[in-house]
Amino acid sequence: TDSLFFQLISLFFILTKSVILHVKTINSGKNSGRNGIGKRFSTAAALEDLIVPPVQIAYTQNLIDGKFVDAASGKTFPTYDPRTGDVIANVAEGDAEDIDRAVAAARKAFDEGPWPKMTPYERSRIMLRFADLVEKHSEELAALETWNNGKPHEQAAKSELPMFIRLFHYYAGWADKIHGLTVPADGPHHVQTLHEPIGVAGQIIPWNFPLLMFAWKVGPALACGNTIVLKTAEQTPLTALYVAKLFHEAGLPPGVLNVVSGYGPTAGAALASHMDVDKVAFTGSTDTGKIVLELAAKSNLKPVTLELGGKSPFIICEDADVDKAVELAHFALFFNQGQCCCAGSRTFVHEHVYDEFLEKAKARALRRVVGDPFRKGVEQGPQIDTEQFEKVLRYIRAGIESNATLECGGDRLGTKGYFVQPTVFSNVKDDMLIAKDEIFGPVQSILKFKDIDEVIRRANNTRYGLAAGVFTKSVETANTLTRALRAGTVWVNCFDVFDAAIPFGGYKMSGIGREKGIYSLHNYLQVKAVVTPLKNPAWL
């Protein structure tokens with residue numbers, strides 16, 4: 001199947017079954033009463049006994065006009081191993097001057113180069129050759145993704161790399177199927193619409209899924225015939241540079257895809273405000289998305305697509321199979337260390353099954369295997385960096401201070417790196433910070449509800465609207481909830497299904513526009529109407 005859901009679920013159960021082979025338990029302290037601090041957690045070997053990543057760092061410069069080059073300033077910045085906080089490599093630190101150079105290369109490639117003038121079929125062939133090269137180098141890329149990001153290697157290798165390849169196959173298939181329409185008019189005129197590439201696209205990707213977000217952005221832009229300047233997240237620049245090199249090996253002309261690594265306030269701001277960039281796409285936090293939108297508006301009013309934050313409800317109804325609901329709710333929240341914009345971070349449970357669900361959810365969190373993400377059987381690696389690590393711990397403290405009940409977790413795990421204990425809160429109220437803000441970490445908040453009308457009102461009472469989950473045996477209940485929930489995606493009896501053809505994006509402050517599927521092509525096309533008089537037409 002092409003569905004990432006089935007890959008993720010199969011991986012999830014592989015990890016669960018292999019826990020017994022890799023587990024030792026540690027006691028994180030004495031039980032402190034109602035907060036439950038000091039429960040036993042599963043850890044895969046000692047966190048200090050880390051595997052050496054089986055990959056070499058090959059590319060650390062910016063890629064501009066088909067060549068790897070140092071930053072104009074000569075500066076570099078460190079990128080870190082989140083398992084330890086140690087430096088992996090020093091990467092060229094792009095700023096406004098590097099963005100200017102990259103935009104100039106992209107503009108020349110669009111206005112004068114072969115890419116937009118190439119037949120769509122030939123563009124698709126280059127994209128397919130690229131996908132084949134990624135598959136050939138998938139072991140190195142999976143290792144590099146885990147090393148720079150901290151996600152489990154099995155997740156990167158068995159789910160994310162196959163999905164990356166599938167996405168480029170999908171968009172390669174669209175390249176020669178983009179066309180306009182013939183439109184009937186009220187008079188003697190021939191009217192047609194042309195769907196034209198928008199020009200130079202500026203793209204800013206996040207750190208939580210570096211490769212997949214590269215594919216979500218680059219795939220549709222290239223299929224439509226655009227050129228690109230892509231800024232990586234400063235935390236995770238390495239895999240984007242690697243795959244960009246592979247794209248040029250596949251035959252991509254110079255200047256079509258330029259990759260600049262750097263910080264948001266310098267390189268990112270320069271890209272969003274550049275007068276010669278025709279469109280900007282950004283994935284990241286809502287607060288930063290506001291800045292990107294403002295910069296785009298104040299410069300040349302370039303169109304913007306935004307995929308932003310979320311606080312997604314996961315609703316477990318009265319008729320739910322509790323064991324299955326616990327497993328899926330656990331997956332919906334803890335997947336990717338909780339660093340997922342659509343994580344089911346508000347677990348609403350019907351009062352009739354609440355107590356049973358809570359005990360089993362706590363037990364499942366205590367069984368979660370945390371450790372070196374390169375080890376087989378590990379379900380959870382470290383958070384991305386010290387900033388995110390400290391942010392998660394601050395929210396945990398806020399939950400305790402607001403009188404939510406800490407059932408398990410609540411602290412760091414180990415003495416180095418950015419590992420956080422899987423944490424579960426019960427008795428969570430809607431006005432608590434842990435129920436309102438996007439934590440972006442392994443913190444599950446469990447809330448109780450009485451009936452469908454109540455949970456609809458509470459689930460929608462948020463500034464976000466990215467996704468939602470519904471777990472029920474009733475088709476009627478599922479239909480009621482899917483139409484009532486104000487979210488861009490509603491998963492029923494499943495979660496995190498990311499097929500290449502399924503559109504993804506949010507309502508409200510979760511973003512503007514859609515990624516993936518046919519809808520993503522609209523982000524990178526202009527529609528032009530062409531009207532020609534008809535003299536003595538045989539028909540209209």
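How many aromatic pairs does the rule count? The count comes to 21 aromatic pairs. Rings of Phe, Tyr and Trp (its six-membered ring) pair if their centres lie within 6.5 Å; planes under 30 degrees apart are stacked, over 60 edge-to-face, and the rest tilted. Phe 77 and Tyr 263 form a tilted pair, because their ring centres are 5.1 Å apart and their planes stand at 50 degrees. This pair links distant parts of the chain, 186 residues apart. Phe 77 sits in strand β5 (residues 76-81), and Tyr 263 in the loop between β11 (257-260) and α9 (264-272). Helices (H or I, at least four residues) and strands (E, at least two) are DSSP runs, numbered from the N terminus.

The model is predicted: local features need pLDDT of at least 70, side-chain atom pairs count only at pLDDT 80 or more, and totals for chains, interfaces and linings use all residues. Residues are numbered from 1 along each chain as its sequence is written, and side-chain values use heavy atoms, without hydrogens and water.

**The two domains**

About 2500 Å² is buried between domain 1 and domain 2, with 63% from carbon and sulfur atoms. Buried area is the accessible area (1.4 Å probe) that two parts lose on being put together, summed over both. In domain 1, Pro 82, Arg 83 and Trp 207 lose the most area to domain 2, together 23% of what that side buries.

One salt bridge crosses this interface; the term means a side-chain nitrogen of Lys or Arg within 4 Å of a carboxyl oxygen of Asp or Glu. The side chains of Arg 83 and Asp 372 meet in a salt bridge, at 3.1 Å from N to O.
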